[in-house]
Structure formats: structure tokens, C-alpha cells
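Please view the sequence and the structure below before turning to the notes.

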Amino acid sequence: MAELDRGGPYYGLQQPQRGQLGDTVKGMLPDKGPSASQALTVATLFPLGGLLLVLSGLALAGSVVGLAVATPVFLLFSPVLVPAALLIGLAVTGFLTSGALGLGGLSSLTCMANTARQAFQRTPDYVEQARLRMAEAAAQAGHKTQQAGHAIQSRAEQQVAAAGGGTGAKNSS
């Protein structure tokens, strides 16, 4: 009976409670979704990359269709070697164009994504630096205004003292 209370070979292991499993799974997931810069990057660059990949597919499809249509025409109406060379050249050109457009689309997406990501990462630093410069400029302007106020006040006191001393001299004579 004591063995049953201790749990046998699994003595000391705790069984997960109902809420603990959900908390464990939530702990493995990120706390928030993609940032605004990531979402903007994807929304901006997705159409361009998609367009280039579509053009790549169209070039490939056009090459295959052209190859299928031109083969019998060249073989029936021309000598054999010239159309074969022309056909092979056109097919290779089509396949290379298709691959180049596909690679161009993917590389432009990658390049623009990196550029946009770097720009969005630098922007808060620029804004923070500008805010600090504005705060310093405002503090300097306030300090200069305070100095100008003190200078005006001291001049006014000197003029009052000079005027009061001059009037006092006239009244005493």
C-alpha cells in the first residue's frame, strides 16, 4: 500500500496540472508577432518579387511552347542542321532567360528586404538623436534668454540708481 502512495518507479515526478501544459506551450511561442517594419517590408517587396517570378515563369512557358511549335516547322521546311542549331539556341536562350529572371527576382527581394530592414533599424536612432539635439537647443535658448533677462534687469537697476542718485543730488543742492 505504501508503494502505491509513492508512485512506484516514478516517485518524485510531478504530473502536470491542467493549466501548466498550456503555459508551457505559450512559453515556447514568441510574445508578439512580427514588427511593423517586418510587415511593411514584406508588404512592399512581395509584389515586386512576385512579378519577377511570374515573368520568369512566362519566359519558361514561352520557351517550351516556342520549342514545341517551331520544331516541326523547321524540320519540314528547312535543311536539318540550320533549324536544329537555331532551335537549340532559342531553347537555351529561353531557359537561361527564365533562370536569370527568377534569380533576379529573388536577389532583388533579398537586397530590398535587407535595405529596408537596415533603414527601419536606423530610423529610431536618427529620431532619438534629433530629439536630443532639439532638447539641447531649447535648453541653450532658455539659458541665453535667462542671461539676457538678468542683463536687462541689472542695466535697469543701474539706470534707476543713476537716475535716483542724480535726482538726489539736485534735491540736496
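**Briefing on the predicted model**

Thr41 is buried, because its relative accessible area is 8%, under the 20% limit for that class. The model discussed here is predicted. Its chain has four helices and zero strands, and buried residues make up 10% of its 173 residues.

**Overall architecture**

- Read from the N terminus, the elements of the chain follow the order α-α-α-α.
- Of the contacts in the chain with a separation of 6 or more, 85% are between residues 24 or more positions apart.
- The chain has an accessible surface of about 14100 Å², and carbon and sulfur atoms account for 68% of this surface.

**Helix H3**

- Thr41 belongs to helix H3, which covers residues 36-77.
- With neighbours within four places in sequence set aside, Thr41 is in contact with Ala113, Ala116 and Phe120.
- Leu55 is also placed in helix H3.
- Leu55 has a relative accessible area of 37% and is therefore partly exposed.

**Helix H4**

- Ser108 is located in helix H4, formed by residues 81-172.
- Ser108 counts as buried because its relative accessibility is 17%.
- When residues up to four places away in sequence are not counted, Ser108 touches Leu48 and Leu52.

Definitions and conventions
Residues are numbered from 1 along each chain as its sequence is written. This is a predicted model: local features need pLDDT of at least 70, side-chain atom pairs count only at pLDDT 80 or more; totals for chains, interfaces and linings use all residues. Side-chain values use heavy atoms; hydrogens and water are left out. Helices (H or I, at least four residues) and strands (E, at least two) are DSSP runs, numbered from the N terminus. Buried means under 20% relative accessible area, exposed over 50%, partly exposed in between (1.4 Å probe, protein chains only). Contact means heavy atoms within 4.5 Å. Accessible areas come from the Shrake-Rupley method with a 1.4 Å probe; for residues, only the protein chains shown count as cover.
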